[in-house]
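Here is a short note to read alongside the model. Keep the structure open and follow the points in order.

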Amino acid sequence: MQKEHMRKKPVQLQLTEYISWLLKKYQEVKKELETRQSYRITNIEYDSSGRAKIKIHIVGTGKEITFTPEELVCDDKMLEGFSRKDVRTITYYACNDLSKPKYKIVTTTLCENLKKMLFGIKEFGVDEISQKTAEEISANRSIISNISPEDAHCVGYVCGSENILREHEEKMKLK
């Protein structure tokens, strides 16, 4: 009888060890599934206006979709599906795109009839180029505050130069 009792004890020990091992493996698998990302960044490209476009792979499907960093940053649920490094990358490109100027001077031409320079201004995301004089740009706070410092300097220089020429012509008429 004592031998039977000794046999049962190791079997019970083995069973509890097996159950604890099984629970441990279950917790490991559960943790792995919780930390698994739903999305992965595959590529970052730039469109014609210089804005970043992020290509995203949907894990387990083989599908790829493209978003702007701003679209991704605004979608909390989607951000949760990325790894921490991918979230950092998305945030970096979103902040980088926000700091870029909204307007860019793409052309400068001299209008002899007006005796003024005309600037071709392109707004990001809009295909049209609008023509404005240096005075019109300087008077428009929205444009002047959303162009690069180099473009703003150029506009200011041309505007000042045109005013000096105009004053000089008026002085010559008065003599």
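**Notes on the fold**

1. Residues 24 or more positions apart account for 32% of the contacts in the chain with a separation of 6 or more. A contact means heavy atoms within 4.5 Å.

2. A word on the source. This is a predicted model, where local features need pLDDT of at least 70 and side-chain atom pairs count only at pLDDT 80 or more, while totals for chains, interfaces and linings use all residues. Residues are numbered from 1 along each chain as its sequence is written, and side-chain values use heavy atoms, with hydrogens and water left out.

3. The chain has 7 helices and 6 strands. Helices (H or I, at least four residues) and strands (E, at least two) are DSSP runs, numbered from the N terminus. Along the sequence, the pattern reads α-β-β-β-α-α-α-β-β-β-α-α-α.

4. Two strands pair if DSSP finds at least two bridges between them.

5. Look at one pairing in detail. Strand 4 and strand 5 (residues 116-123) are joined in the antiparallel sense over 8 bridges. K104 has K122 in strand 5 as its bridge partner. In general, strands of a sheet pair through backbone hydrogen bonds.

6. The largest nonpolar core has 11 residues, including Y103, F119, I137, V155 and C159. Such a core is a set of buried Ala, Val, Leu, Ile, Met, Phe, Trp, Tyr and Cys residues joined through side-chain atoms within 4.5 Å. Strand 4, strand 5, helix 5 (134-139) and helix 7 each give two or more residues to this core. Helix 7 gives the most, with 3 residues.

7. Leaving out residues up to four places away in sequence, V158 touches M117, F119 and A134.

8. A second, separate core has 8 residues, among them I41, I54, L72 and F82.

9. How much of the chain is buried? Buried residues (under 20% relative accessible area, 1.4 Å probe, protein chains only) make up 22% of the 175 residues.

Technical notes
Buried < 20%, exposed > 50% of the residue type's maximum accessible area, 1.4 Å probe, protein only.
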